[in-house]
Amino acid sequence: MTSNIDSKQAFFNGQKCWKHKDYIHARFWFEISYHNDYFKVESLSKLIQIEIREGKYAKAREILNNHQDINSPILKQVYGLLENIENNFEQSKKYYSECMLTPNMQYMSLLALAKLYVQTGDYDIASKMYQTLQLNPRFYIQATIGLTCLSIIEKRFYEAQQYIIQVDESKLTPKLTHHYRILNTYIQYFLGQLKISDNKYDPIQDYMIYRLFDHSEETLLSHIEKHKNQSEKATNGCFFKYTDIKKLLLDARKIIDDMNGNHFELSDMYRFKLDTPIGYKGDFITSDLCVVTMIGTKDIITMYPVALSNEFDKERMSNSEQLKLKRLQGGIKR
């Protein structure tokens, strides 16, 4: 009985740490609750998602592959997320579609599929899915933000503004309030409604908004240099101390210029493997890089080391001309 109580408390402690993005302690608690059969699958799901959030995609896939005997929709959902991140969109769609067969996961899976159809350039389908989700009060805010981001990707900024004003800011969680502020400011920026004098933002706390006003190379390099923090080697990872960030940034700009970004909420992410190691991800040296840009643009916000799995870009979507054209046509048709 005592172990059950301990496991239950450990699981809820883990959930609390997860919500506050305290992944070090969340991992500690979920590793305890994992040993209780009742919390096993959900704890495992969270442990894998921690690896994903820390950019350790190889480790996340290793854990998933080692638990293929657990035929759980919850784990399939995580598999779908990982495949989406690693640009295997058809495989991701397969997992999410299977999750749709589980009644209590249908809306969550529909939201995941809507985001996936944005990736594949099927904007009409994604839009209809988001509009369906808006009918459910639990998913209204996420669906409306999804429609807002889709409109930004399609460069329909006035339409994006019409969507964002439908959201009642007073009902948002602190995390969503932060997203809302960034989205709202981005839209105003693209509509030409902001002036340099409007910049009252902190370059650290409000970095993404601050970058709209300050495009200087110095600000960008200063931000990226923070990813050299060696104390984060085991968690978020870091560049080598001697990494030439200026040269790496120059190389990254050339590489992403011909790539298809992976749309993620307020930004686009470009992940790829380099010829030489650039830093650490946990205990391992990695040559994999993630470059983050403003949503729908090639304007780099930051970049940092990641650890891609051996299944990364198996479907060859990163440089697919067909996908590039489809995304372009998807925006033109609507």
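1. Serine 7 is found in helix H1, which spans residues 2-19. Helices here are DSSP runs of H or I with at least four residues, strands are runs of E with at least two, and both are numbered from the N terminus. At 8% relative accessibility, serine 7 counts as buried; buried means under 20% relative accessible area, exposed over 50%, and partly exposed in between, with a 1.4 Å probe and protein chains only. Not counting residues up to four places away in sequence, serine 7 touches Ile32, Ser33, Asn36 and Phe39, where contact means heavy atoms within 4.5 Å.

2. Some notes on the basis of the values follow. The model is predicted: local features need pLDDT of at least 70 and side-chain atom pairs count only at pLDDT 80 or more, while totals for chains, interfaces and linings use all residues. Residues are numbered from 1 along each chain as its sequence is written, and side-chain values use heavy atoms, with hydrogens and water left out.

3. Helix H2 covers residues 23-33, and its buried residues are Tyr23, Ala26, Arg27, Phe30 and Ser33. Seen down the axis of H2, these fall within an arc of 130°, so they line one face of the helix; the arc is that of the directions from the helix axis to the C-beta atoms. The loop between H1 and H2 holds lysine 21. Phi of lysine 21 is near 60°, a positive value in a residue other than glycine. Most residues other than glycine have a negative phi.

4. In helix H6 (residues 89-99), the buried positions are Phe89, Ser92, Lys93, Tyr95, Tyr96 and Cys99. Their arc, viewed down the axis of H6, is within 165°, so these residues line one face of the helix. An α-helix has 3.6 residues a turn, so residues three or four places apart point the same way.

5. The largest nonpolar core has 62 residues, and those with the most contacts inside it are Tyr130, Phe239, Phe272, Leu289, Val291 and Met303. A nonpolar core is a set of buried Ala, Val, Leu, Ile, Met, Phe, Trp, Tyr and Cys residues joined through side-chain atoms within 4.5 Å. Helix H7 (residues 106-119) gives the most to this core, with 8 residues. Leaving aside neighbours within four places in sequence, tyrosine 130 is in contact with Leu111, Ala114, Lys115, Val118, Ala143, Gly146 and Leu147. A second, separate core of 30 residues includes Val78, Leu82, Ile85 and Leu308.

6. Threonine 297 lies in the loop between strand S6 (288-294) and strand S7 (300-306). With 15% relative accessibility, threonine 297 counts as buried. Its contacts, leaving aside neighbours within four places in sequence, are Phe190, Asp268 and Tyr270. Threonine 297 and leucine 150 are 147 residues apart in sequence and 13 Å apart in space, C-alpha to C-alpha.

7. Aspartate 313 lies in the loop between S7 and helix H15 (321-333). Aspartate 313 has a positive phi of about 55° although it is not a glycine, and it is buried, with a relative accessible area of 16%.

8. The structure holds 1 cavity of 30 Å³ or more. On a 1 Å grid over the protein atoms alone, a cavity is a set of points where a 1.4 Å probe fits but cannot get out, and lining residues have an atom within 4 Å of a point. The lining of the largest cavity consists of Asn87, Phe89, Asn260, Gly261, Asn262, Met317, Ser318, Leu323 and Arg327.

Conventions:
On a 1 Å grid over the protein atoms alone, a cavity is a set of points where a 1.4 Å probe fits but cannot get out, and a pocket is an open set with protein on both sides within 12 Å along at least five of seven lines; lining residues have an atom within 4 Å of a point. Grid points are joined across faces, edges and corners, and a volume is the space filled by probe spheres set on the points.
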